[in-house]
There are 2 protein chains.
Amino acid sequence: MEPKFYSKENLKFLLHEVFDVAELCKRDAFKEHTPENFDMILDAADSMATNHLRPILVEMDRNPPYLENGKIKVHPKMGALMKKFGDDGWISMSAPHTYGGQQLPFTILQASAFIMAAANYSTIAYPFLTTGAAHLIEVFCTKDLQDTYIPKMYSGAWQGTMALTEPQAGSSLSDVVTSAKPTGNGHYLIKGQKVFISCGDHDGCENIVHLMLARIEGAPAGTKGISLFVVPQKRLDENGKLVSNDVNTVGVFHKMGYHGAPIAHLMMGEKDDCRGYLVGEAHKGLSYMFHMMNEARIGVGLQATAIASAAYYNSLEYANVRLQGRKLNEKDPAKPQTAIINHADVKRLLLFQKAVVEGSLSLVMQATSYYDKWASGEGEEKENNFLKLEILTPMVKSYPSEMSILTTSAGVQVFGGYGYTKEYLAELFFRETRIHTIHEGTTAIHGMDLLGRKVMMQGGKATMLLMQEVMEDIETAKKHESLKPYADTLSKKLLKLQEITMHLMSVAQSKGPETFLSDATLYLEAFGILAIGWQWLKMGTKTEELKQAGTKNYSAEFLDSKIYTLQYFFEYEVPKTEGLFTRLLSTNRVTLEAKAEQIV
Amino acid sequence: MEPKFYSKENLKFLLHEVFDVAELCKRDAFKEHTPENFDMILDAADSMATNHLRPILVEMDRNPPYLENGKIKVHPKMGALMKKFGDDGWISMSAPHTYGGQQLPFTILQASAFIMAAANYSTIAYPFLTTGAAHLIEVFCTKDLQDTYIPKMYSGAWQGTMALTEPQAGSSLSDVVTSAKPTGNGHYLIKGQKVFISCGDHDGCENIVHLMLARIEGAPAGTKGISLFVVPQKRLDENGKLVSNDVNTVGVFHKMGYHGAPIAHLMMGEKDDCRGYLVGEAHKGLSYMFHMMNEARIGVGLQATAIASAAYYNSLEYANVRLQGRKLNEKDPAKPQTAIINHADVKRLLLFQKAVVEGSLSLVMQATSYYDKWASGEGEEKENNFLKLEILTPMVKSYPSEMSILTTSAGVQVFGGYGYTKEYLAELFFRETRIHTIHEGTTAIHGMDLLGRKVMMQGGKATMLLMQEVMEDIETAKKHESLKPYADTLSKKLLKLQEITMHLMSVAQSKGPETFLSDATLYLEAFGILAIGWQWLKMGTKTEELKQAGTKNYSAEFLDSKIYTLQYFFEYEVPKTEGLFTRLLSTNRVTLEAKAEQIV
C-alpha cells in the first residue's frame, strides 16, 4: 500500500461542501469548468504526487544541491519533472486561455499544490514559483516581454523566481541596493547581489527568469525608490540564441531540510553586462512584487500545512501498527500489547496534528476562495473579498507555519526513539517545515502587518467585513446541539479579541508605534487560533448537515472524526488564547525596557 | 573571541548564591572540598569544553558514526578524549575516594557536565554514561565485579552503558524478553537483542560494559520478573586477556542530530556464549536500574538546558551584530540600520530563550541540591530530600526537554534565513535537542509518573514538602517590591494547581485510571511552568539581596538582566498555565472517546 500523505476525502469535503467550488463555475472567468472537472484535476495531481514526486523524496533529502563550476546541480530527475510540470499544464493551470492556460481558480491550483507538496515539498517550488513569476509578467509587463518569457515559463523550459533579498536587506526591503542604470536602449544595467533565491539557479531548466528588485540610479531612498525588473540569467541575442546575461551563481545555501530545492546566491553585473527590463513604472516595484508575494504567502501557509499533513498520516499509520504497553486498566503483563493509538496521550498527539492540519487547510481555502471571488468578481463584491483576503493573509501565512513546527514535532514524538532516526520520515518533515516561519516574511513581520496595518485599514473595514462573516457562521453553527457550546466560546473569545484590539489602539495613541506593536506576534497568534476555530465551526456545521441529510458521499468515520477533532481544537487549542490575552492586556513593557546590554 | 555557549557568571550565581554550595562543604561526605575548589573544577571544565569539545562540534555533526565490519566507528578524536575524561578525573569525579574518585557533590558533576554539554552535547554521553554505570556497580555489585570493572571504567578505557530498550519494549519495560539462563558457574547466559543503546559500541574504548535488563528463565511476567546484569562486550579470560563475550553490533542508528554519539543495535548470545553477571538479587533489576535512570533523567534535563544555552548565546551574539531595519519610530530610510536586538520581537525571542535556559538550569540545580542533601544526609533530612527529588524529577527531565525544542527554534528564528542554513549553528542545536523528550522516558511517561505516582506518594508527603518549601520562598520574595506581584501570582497559581490536583483525584476515584491520567502531560506542563516560576523567584530574591548589599561580584548588567528575565517569565510564560488549567478542569474526554478508527 502506498503511504498516505493527505486525505482526499477531506480535500473534497472542503472544496465541495465547505467552500462550494460549484459556485465558482457559475462565474464568467471559470464558466468552462465543472466540479467534476476539478476532481479530475485533483486526481491527476494525486497521480503526479504518488508516482513522480513522493518516490524521490528521500533521495532528494540525502543528496542536496551543490555548486559545480558556477552551476547548481539538483536531483537528476528534476529536469524531466519540470518539463512534465509544463507539458501536463500544472505551471499554467491558472493562466488565462490567451496564454495557453486552463484559467482554473486559484483554489484548484492551491489544492493541487497541496497534494504535491504533501508528497514532496521541495519539488513544487520549481513549478509554482514559475507560475507566480509568469503571472506577474502577464499583469504588469509589455507584450514584448510577455511574448518572450511567458510561453517558455509555462512550458517548464525556463524557471521563474522572486529575487528580493540581499545580504543587508532581508526583512528590511527598503535597504535594497542592487542598482539599475538606464541605457536608453530599452533595458537597464543591473549590478548587485541577491541571496536566498529559491530555484535561483539549477541545471533542470535552460534559463532562469528573475523578478528582481533594484534601485534606479538617483531613486529616492527607502521603499519608494524600488523598481522591479525582469532579469534573465541568459538573454536572447539578435539570432534568438541564449547568451549569458552576466548573472552568476556564487553560492548555494546548505540547509537543514527542503533539500530538493536549490537556494542561490547570485551576483549580477560583474562584467557590467547584466540587462534588466523594467516592469511597469519606475519606483513602483514593491507594489508589483507584492502581487506575487501575496500569492506566495498563501502558498507558504499551504505548504506548511502539506508537510504537516504528510507528518500526520505518517505518524497515524505508525500509531495504528506499533504495539507498546497496555491500557491503564489492564494489569496483566501477560496480555498482548496494544497499538499505541489506544493510549490517550498518543491520541492527543494525533488529534493535535489533525486539528492543525485540517484547520489550516480550511483557512488556506478560505483565503483562496476570497482570492477567486476577488479575481472573478466585480464592484463591491470584488473589493470586499480583496479586503477580507488582505486581513486574513497574515494568519494564513503564519498559523500553519508556526504550528507545523509543533505538529511535525508531535509526529516525531509518536514514533518514540524511531522518530529521531532516519529509518522513518518523521524527522525529515520536522526539518523540512522549519523554513516556513522565515521566508516570505517572518512571523514578526506578519504580526506587525496585521496589527499595524491590516486591522485598521480603511478605517477598520476589513476587520468589520471579516467579523461579520464569522458571526454569521457562528449563528449557523449554533443551530447544531453538538456545536453550540463551541460557537458560544468562539463568540466570547472574539469579543475579547475586539476588546484587546481597542485597548491596543489606545496604546498606539498614547505610547506610539513601538509600544503598540511590541507584542504584535502574540496578537497574531491569538487571532490565528480564533481563525482556525472559525474554520472548525464551519467544518462542523457542514458535517452535521451532511449527517442529517444521511450523506453517502463521506464515511461515518470521516464525519465522526471531524466532530472529535473539532472538540479537540476547542478543548486544547482555543484555551491557549487565555494566556495570550492576559499578556496582551498587561502594562509591563519588558521587551522595550530591557536594553540590549541588559540581555546577557 | 571564542563563541560563548554558557554564562560562567550565571552558573556561579546559581551555585554560590542560590544554592549555597558552601553548605555542602560542611557535610562529612564533602568536607575535603571548598567553594574555591569547586570553582577551579568549573574552570577546568570550561577549558576542556573550549579547547577540546567545542572545536569538534561541527566535524562530529558532519561525520556521523558508521558501522564497519561489525564495529561502530566514531570521530577519530573520541578515543583520546575518552582517555582524557578518565585521566583528568571527570568520569570518577563524584566517586568515593575508595574508588579513586574525588567524592565531589552531584551538583558539581552536573555543573561541569553542563559546561561541556553546552560546548558539544554528544561528547559527554561517553564519560557520564560510564560514571552512571560504574556508580551502579559500586552500589549494588559484589567486590569481585567492582574490582574488575570500576577501575577500567573510571580510567576511560571501558565504556559504560544502560541497556534497557528492545524492539518490542521501549516505554513498556515490562515487555523485556532478553533472557538469562543460570549456569551455576557464577554467570548467566544472556540471549536477546537491545536497541537504542547510547555508546553501545564504538572504537574509542577497548571494551563496553552494559548494565542490561534481562529476564531469568522462569521469572514472572512483567516488571517483577526483570533482573539486572553486567554484560561486557568482551570478557576477561583466565589469563586476564579480553576475549569476545558474544555481544555483536548489528546496526547503528542514523539520527537527525546528536551525531557525535553512536546509538547501537546489539545482539547477545548468537553463539550461546554471552555471559552476564547478576547485579544484586534476581527479579529486582528494575529498581537497581532506576538508581542509574533517575540520575540520567536529571542529566537529560541538564543536557537539554545546555543545548538551549548554546543556542541562546549563539543567537544573542548574532542579534547584537546583525543590522536590519530601523526602530519603528524612525521613518528616515537614509538613517543607518539598527542591530536586530533593538527590535522588541527579537528581544522577546532572546528573553524567551534566556528565561527557559536559566530557569531550567536553576531547576536542575534544585534537583542536584536535593540529591546531594539526600546522599550526604541522615534520618528525616535524607528522607525528605529524597521525596522532594522524587516529585521534582518529572519536571526536571521534561520541562527543559520540551522547551528546548521551542527555544532552539527561537534561536533559528533570530537568524532569519541564515538560521535555516548550515553556515551557522542554530539549525544544529535545533536538531540536536529533539532527542530529549524521548529518551529516559517520554514526556507522556513522566506526566503519568508525576500525576499517577509521585503527587500522592506516601499520602502526598512529597507534594506537601515541596509546596512548603515553595511557599517559604514565595514569602521571602514578597519582601522585595519588584518581586511581590510575581510572588502573589505564583501563590495564586499554586492554589489553582492544588484545586486541579484535588479535582483530578476525584476523577481517579469516580472514573478510573485512564480518565484520571488522560491529560497527565498537560498537568506536567503546568506544574513545570510553575516550578520554573518558583526558581525565578528564588533567583530574583538573591538578585535583590545582592543589589542591596552592593555586590561587586556580579556586574550591574547581569543583575538587571535577571530581573528583566524574571519579568519576561511571569509576563509571557506563566500565563500559559491558564489555558492548561481550563483544559484540566474540562469534563470533555475526546482523547478517550474517539476510537482509533475515528481518527482518520
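This report describes the interface between chain A and chain B in a predicted model.

Chain B superposes on chain A by a rotation of 180° with 0.0 Å of shift along its axis, and the RMSD is 0.0 Å. The two copies are therefore related as by a two-fold rotation axis. Both copies use the same surface, since 100% of the contact residues of chain B recur in chain A.

On each side the contact involves 100 residues, with 100 of chain B touching 100 of chain A. Between them the two chains bury about 8,500 Å², and 60% of this area lies on carbon and sulfur atoms. Three residues, B:Tyr420, B:Ile599 and B:Val600, supply 10% of the area that chain B buries against chain A, more than any other three residues.

In one salt bridge, the side chains of A:Arg583 and B:Glu571 meet at 2.8 Å, N to O. Helix α17 of chain B, residues 556–573, gives nine residues to the side of chain B that touches chain A, the largest share.

The table gives the makeup by class of the side of chain B that touches chain A.

| Class | Side of chain B that touches chain A |
|---|---|
| Nonpolar | 43 residues |
| Polar | 32 residues |

Key
Residues are numbered from 1 along each chain as its sequence is written. Chains are lettered from A and ligands numbered from 1 in the order in which they are written. This is a predicted model: local features need pLDDT of at least 70, side-chain atom pairs count only at pLDDT 80 or more; totals for chains, interfaces and linings use all residues. Side-chain values use heavy atoms; hydrogens and water are left out. Copies are superposed by least squares on the C-alpha atoms of residues with pLDDT of at least 70 in both. Contact means heavy atoms within 4.5 Å. Buried area is the accessible area (1.4 Å probe) that two parts lose on being put together, summed over both. A salt bridge is a side-chain nitrogen of Lys or Arg within 4 Å of a carboxyl oxygen of Asp or Glu. Helices (H or I, at least four residues) and strands (E, at least two) are DSSP runs, numbered from the N terminus. Ala, Val, Leu, Ile, Met, Phe, Trp, Tyr, Cys and Pro count as nonpolar, Asp, Glu, Lys and Arg as charged, and the others, Gly among them, as polar.
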